[in-house]
Amino acid sequence: MKVEQLLDAVVQAWRSGDAHRASAFFASDGVYHEAFGTPIAGREAIFQHFSRFFRDGPLWTFEIDDLLVEANRAAVRYRFALKDADGSWKERAGCALVDLENGLIKIWREYQG
């Protein structure tokens with residue numbers, strides 16, 4: 001699977017709320033690190049994080065605006081929006097730097113813009 005296809009597939013898994021599928025794109029010792037958050041290490045811990053967010057989190061959207069890929073690395077420029085309790089949407093721009101190893105995400109590191 002090409003890097004672009006893998007990244008599209010993980011985003012589609014997020015959008016469908018499928019924590020099993022989304023976490024399966026990470027290496028067993030992969031790291032998911034949201035901007036300003038604590039790194040989450042290991043596929044099982046990433047699965048638990050995604051499960052909680054998909055189950056208990058607010059409504060959200062994730063849109064990729066630009067993707068730069070070179071070999072097993074990618075930069076993902078995106079917009080992420082959360083729906084507040086009052087019904088308004090709060091959007092922020094961000095960038096994720098992604099390292100892949102053996103066709104899986106080794107590190108997904110987000111930076112907020």
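This is a predicted model: local features need pLDDT of at least 70, side-chain atom pairs count only at pLDDT 80 or more; totals for chains, interfaces and linings use all residues.

Now widen the selection to the two strands, E5 (residues 89-101) and E6. They pair in the antiparallel sense, with 8 bridges between them. Go to the hairpin that links E5 and E6: 2 residues lie between the strands, and Asn-102 takes a positive phi near 55°.

Next, look at another partner of E6. Select strand E1 (residues 26-33) alongside E6 (residues 104-112): these two run parallel and are joined by 4 bridges.

Time for a helix. Select H3 (residues 43-56). Its 14 residues reach 20 Å from the first C-alpha to the last, close to the 20 Å expected at 1.5 Å a residue. Colour the buried residues of H3: Ile-46, Phe-47, His-49, Phe-50 and Ser-51. What do they pack against? Bring up helix H1 (3-15), helix H2 (19-24), E1 and strand E2 (40-41), and you have the answer.

Last stop: zoom in on His-49, in H3. Why does His-49 count as buried? Its relative accessibility is 17%, and the cut-off for buried is under 20%. Show its surroundings and, leaving aside neighbours within four places in sequence, you'll find His-49 in contact with Tyr-32, Glu-34 and Ile-40.

Definitions and conventions: Residues are numbered from 1 along each chain as its sequence is written. Side-chain values use heavy atoms; hydrogens and water are left out. Two strands pair if DSSP finds at least two bridges between them. Buried means under 20% relative accessible area, exposed over 50%, partly exposed in between (1.4 Å probe, protein chains only). Contact means heavy atoms within 4.5 Å. The expected span of a helix is 1.5 Å times one less than its number of residues.
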